[in-house]
Amino acid sequence: MSSLKRKPLVVVTRRLPDVVETRMRELFDTRLNHDDKPLSPAALVQAVQEADVLVPTLTDEIDASLLAQAGPQLRLIANFGNGVDHIDVDSALQRGITVTNTPGVLTEDTADMTMALILAVARRITEGARIIPEESWTTGWSPTWMLGRRITGKRLGIVGMGRIGQALARRARAFGLSIHYHNRRRVSARTEAELEATYWESLDQMLARVDIVSVNCPHTPATYHLLSARRLKLLKPEAVVVNTARGEVIDETALARLIEVGDIAGAGLDVFEQEPAVSPRLVKLAKAGKVVLLPHMGSATHESRIDMGEKVIINIKTFMDGHRPPDRVLP
Ligand code: DGY
């Protein structure tokens, strides 16, 4: 890449914050998407045939068949986002294309949103917030009305104790929750002590004991439907499920069914298996106040999105200067 005599062509698939787009234009020959709609399949093919660097987001499917159509000039896929489950990383690497992502900068905001969903479901916040605008608060305060569940003293089970899982644990401790976690690898004794977290090697055993379960692991072939129908059935009937990671980690149909029949109390979901489509069963449960559904907003702050853009720029610049970019995704 450093041998290029011209500025590299960087194709960006979605609108990015103004400040990021401006900086990219200054540095690179940048082709932006002014429509802010995902590129059509044909436009995506054209992008990989012409770009030196592609900047996709999670709404672009960068699979093996697309990569097979890429021109030899495509050297870097600098993803705007942390999760790379929409990119066939192995295929890219086999073709000599480097892949980078934007870890670290959206940790706190995503953990905030996870905590917000836990509170929203337990304390019926979104349901309550509809009442006054709908002008249906007619009888005033009542000892028995709109009762939720206390979270202080409850057990939170975190599935995936990476950066976001740990940031959630810190917040949850401040709310008086006890922290339990399952992870591929046990975190260091120091981190466990700091978070006062109990490690469960067996996910099944942890699920049977917690009151709230939060999914904070990436979607990979190994985590697809990790919370399967069988595992979801292990939860207590009062349990609540929260997901701000990827929809595919939970068997969404099984989750909806178990909430419908009262085997799970509720859920707070920011991510779905077929985004932007959401199961009509979940939508019905949201209308009934059993679940809270958000349109993938975990990292949706000005700060996170600008920081993500800065990471993309640093990754591209470093790569073009002939160095290893800081956020290289490994196989
Ligand atoms: C990511 O970066 O993968 C997030 O899901 C975007 O919010």
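The following legends describe an overall view and several close-up views of a predicted protein model.

Local features in this predicted model require pLDDT of at least 70 and side-chain atom pairs count only at pLDDT 80 or more, whereas totals for chains, interfaces and linings use all residues. Residues are numbered from 1 along each chain as its sequence is written.

**Figure 1. Overall dimensions and secondary structure of the protein.** The secondary structure comes to 13 helices and 12 strands; helices (H or I, at least four residues) and strands (E, at least two) are DSSP runs, numbered from the N terminus. The C-alpha trace spans about 75 × 50 × 30 Å along its principal axes. Of the 331 residues, 41% count as buried. A residue is buried if 20 or more other C-beta atoms lie within 10 Å of its own, exposed if 12 or fewer, and partly exposed in between, with C-beta atoms placed from the backbone. Among contacts between residues at least 6 apart in sequence, 64% join residues at least 24 apart; two residues are in contact if their C-beta atoms, placed from the backbone, lie within 7 Å.

Figure 2. To the contact, domain 1 contributes 4 residues and domain 2 contributes 7 residues. The side of domain 1 that touches domain 2 has no nonpolar, 3 polar and 1 charged residues. In this classification, Ala, Val, Leu, Ile, Met, Phe, Trp, Tyr, Cys and Pro count as nonpolar, Asp, Glu, Lys and Arg as charged, and the others, Gly among them, as polar.

**Figure 3. Spans annotated in the UniProt record.** The unreviewed UniProt entry places "domain: D-isomer specific 2-hydroxyacid dehydrogenase catalytic" at residues 12-329. The end C-alpha atoms of residues 12-329 lie 19 Å apart, and this span is 38% helix and 13% strand. The annotation "domain: D-isomer specific 2-hydroxyacid dehydrogenase NAD-binding", also from an unreviewed UniProt entry, covers residues 115-298. For residues 115-298, the end C-alpha atoms are 11 Å apart, with 34% helix and 15% strand. UniProt positions are given in the numbering used here, feature names are shortened, and annotations may be inferred rather than shown by experiment.

**Figure 4. Surroundings of the ligand.** Leu 58, Gly 81, Asn 82, Gly 83, Leu 106, Gly 298 and Ser 299 surround the ligand; a residue is near a molecule if its C-beta atom, placed from the backbone, lies within 6 Å of it. By class, this shell has 2 nonpolar, 5 polar and no charged residues.

Figure 5. The peptide bond from Glu 275 to Pro 276 is cis, with omega near 5°, and Pro 276 is placed in the loop between strand S11 (266-269) and helix H12 (280-287). Glu 135 has phi near 55°, a positive value in a residue other than glycine. The loop that holds Glu 135 lies between helix H6 (125-131) and strand S6 (155-159), and Glu 135 is exposed, with 7 other C-beta atoms within 10 Å. Glu 196, likewise a residue other than glycine, has a positive phi near 50°. Glu 196 is located in the loop between helix H8 (189-195) and strand S8 (197-199) and counts as exposed, with 10 C-beta neighbours inside 10 Å.

**Figure 6. Packing around Leu 168.** Leu 168 belongs to helix H7 (residues 163-174) and is buried, with 31 other C-beta atoms within 10 Å. Leaving aside neighbours within four places in sequence, Leu 168 is in contact with Ala 111, Thr 114, Met 115, Ile 158, Ser 214 and Asn 216. Ala 111 is 57 residues from Leu 168 in sequence, yet the two are 4.8 Å apart in space, C-alpha to C-alpha.

**Figure 7. Packing around Ala 239.** Ala 239 occupies the loop between helix H10 (229-232) and strand S10 (240-243) and counts as buried, with 24 C-beta neighbours inside 10 Å. Beyond neighbours within four places in sequence, the contacts of Ala 239 include Val 210, Asp 211, Ile 212, Val 213, Ile 264 and Ala 265. Asp 211 and Ala 239 are 28 residues apart in sequence and 4.6 Å apart in space, C-alpha to C-alpha.
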